[in-house]
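Please keep the sequence and the model at hand while reading.

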Amino acid sequence: MRGRLFPVADGWYEWRQEPPLAQTVQVRVGVAPGGRLVLTGLHIDGSPSADLLRSIPVGRIEAAANAQLAVVHESIDTPPVLNPRRRPVAPPVAVDAGWEMVEPTLAVARAAGTDGGRSRGRPDVFYREVADVYLDYAQDSPRPACDLADRHGVPVSTAHRWVKEARRRGFLPPGRPGKSG
């Protein structure tokens, strides 16, 4: 089941999904203390039935809200993500100059590009892509990290580490233990 939120009135969004629900469902979204978007209101056109209430995917709606909507509010004070160690934007261009030394008397010239031209760590672009893919999976799947791991052919623990780092860098909203999205 896939769904999306569409703005309809001041702070209210209509939830549309495939297959469609029996009635029109509108939700109000607010910011929880941790900065995550959560449902704060529910409006159903027509009379609610037990089947209809059971069929409303509250978790998926919250995941879609966190994937689709941006938090813009003056009272939210999130500190900027700062990297304490300065890293170059691009890997340095190796030249045939420089020395690699174990002992000063045995110094040998360093070969150009011994690290393969790769700097340490992954760039923000990578974690932004991880966040986009994760949020897309979170709208459809109860296990988006597993799907992310399958897509990239890595262990699930690696996908969890990527998601954690994407959250730390501010590309994903704060998480809730046991909940996807």
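## Terms and basis

Two strands are said to pair if DSSP finds at least two bridges between them; strands (E, at least two residues) and helices (H or I, at least four) are DSSP runs, numbered from the N terminus. This is a predicted model, in which local features need pLDDT of at least 70 and side-chain atom pairs count only at pLDDT 80 or more, while totals for chains, interfaces and linings use all residues. Residues are numbered from 1 along each chain as its sequence is written, and side-chain values use heavy atoms, with hydrogens and water left out.

## The sheet

Four strands, in the order S1-S2-S3-S4, make up an open sheet with antiparallel pairing. Strand S1 (2-9) and strand S4 (37-44) are the edge strands, each pairing on one side only. From one strand to the next, the twist averages 35 degrees (axes are lines fitted to C-alpha atoms, for helices over the stretch in contact, and angles run from 0 to 180 degrees between N-to-C directions). Helix H2 (residues 58-68) packs on the sheet, where it touches S1, strand S2 (12-18), S3 and S4, and its direction makes about 120 degrees with that of S4; contact here means heavy atoms within 4.5 Å.

S1 and S2 are joined by seven bridges, and Phe-6 stands opposite Glu-14 in S2. The hairpin of these two strands has two residues between them, and Gly-11 takes a positive phi near 80 degrees there. S2 and S3 pair over four bridges, with Arg-28 in S3 as the bridge partner of Trp-12, and the hairpin that joins S2 to S3 runs through six residues. Seven bridges join strand S3 (residues 25-31) to S4, where His-43 is the bridge partner of Gln-26.

## Helix H4 and the cores

In helix H4 (residues 144-152), the buried residues (under 20% relative accessible area, with a 1.4 Å probe and protein chains only) are Pro-144, Ala-145, Cys-146, Asp-147, Leu-148 and Ala-149. These buried residues pack against helix H3 (124-140) and helix H5 (156-168), and H4 is followed by Gly-153, whose phi is positive, near 65 degrees.

A nonpolar core is a set of buried Ala, Val, Leu, Ile, Met, Phe, Trp, Tyr and Cys residues joined through side-chain atoms within 4.5 Å. The largest one has 15 residues, and Val-130, Leu-148, Trp-162, Val-163 and Leu-172 have the most contacts inside it. H3, H4 and H5 each supply at least two residues of this core, the largest share, seven residues, coming from H3. Apart from this core lies another, of 14 residues, including Leu-21, Val-25, Val-29 and Ile-44.

How values were computed:
Buried means under 20% relative accessible area, exposed over 50%, partly exposed in between (1.4 Å probe, protein chains only).
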